[in-house]
Amino acid sequence: DDCAVLRYSTDSDDTRRVLVTTDMLMEGIHFDLTYTPLKHLGYKAAVVNFSDVYAMNGTPRQLLVSVAVGRRFKIEHLDELYSGLRLACERYGVDLVGGDTTTSLTGLALSLTCVGEADADSIAYRSGAHATDLICVSGNLGAAYMGLQLMERERRIFESQQAVPETAAQPDFAGREYLIERLLKPEARRDIIGRLREAGLRPTAMMDISDGLSSEVMHLCKQSHTGCRLYEERIPVDYQTAVAAEEFNFNVYTAALNGGEDYELLF
């Protein structure tokens, strides 16, 4: 599941559970500092952990952050990183309660652990789906992946221009702002969890989409011992995503199914 579910009390009437999730982000693997501002990186690192707790139908409460940094980073860089972490915590009502720092010889590394809580009977696991259940997603898919393609293309152009700096041109992202935001500054779908609770609904199964719809829905099916049918024309895709996919000669539904990092809820 997206979180470990812990029970500490031995009281028979205890209904609260502690949710714990952890993530690592490695420079060169999960992010590229050529086009990722450190403030955005801190914000995203926190939010993706909160998303795991929401995916269990829980509420994130505390965050611990450990950072490994190399010599090329100055204290001002860490201030930027932590300003993003703090902003995310403020917006989502989470306490930044501790962590660790150490030296790295291989680039920047982040390790985050989020602690949340939920009522035992409200937790949504991956294993509760039934035949005839409706498969839902909380928003459009594929935008983060197309944002990544856009930024990688501009990075290659930037690097090719370094040999002749006077010819270097600034990238134009007009009309692509949504794609860049989905890549660099995603949001956890706390609003969907609130609406489900207000409606008195608990999904039979739920998780967040970090690796792409196709693999995530297979996780639900495997854990729930069921199959599924996905209808291509019903997969939600944003207009900017479709335009960018056409520009890159890329099938937009391949991006929606396999791109990942959308952090929408699948339930």
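**Aromatic pairs and charge-ring contacts**

Lys185 is placed over the face of Tyr43, 4.5 Å from the ring centre, where a charge counts as lying over a ring if NZ of Lys or CZ of Arg is within 6 Å of the ring centre and within 35 degrees of the ring normal. Arg234 likewise lies over the face of Tyr231, at 4.8 Å from the ring centre. The model is predicted: local features need pLDDT of at least 70, side-chain atom pairs count only at pLDDT 80 or more, and totals for chains, interfaces and linings use all residues. Residues are numbered from 1 along each chain as its sequence is written, and side-chain values use heavy atoms, with hydrogens and water left out.

The structure contains 3 aromatic pairs (rings of Phe, Tyr and Trp, the last by its six-membered ring, with centres within 6.5 Å; planes under 30 degrees apart are stacked, over 60 edge-to-face and the rest tilted). Tyr54 and Tyr92 form a tilted pair, with 6.3 Å centre to centre and 45° between the planes. Because Tyr54 lies in helix 1 (residues 38-54) and Tyr92 in helix 2 (residues 75-92), this pair ties together parts that are 38 residues apart in sequence; helices are DSSP runs of H or I of at least four residues, numbered from the N terminus. Tyr54 is buried at 3% relative accessibility, and Tyr92 is buried at 8% (buried, under 20% relative accessible area; exposed, over 50%; partly exposed, in between; 1.4 Å probe, protein chains only).

The rings of Tyr145 and Phe250 also form a tilted pair, with centres 5.4 Å apart and planes at 40°. Phe250 is partly exposed, at a relative accessible area of 29%.

How values were computed
Helix = DSSP H or I, 4+ residues; strand = E, 2+ residues; numbered from the N terminus.
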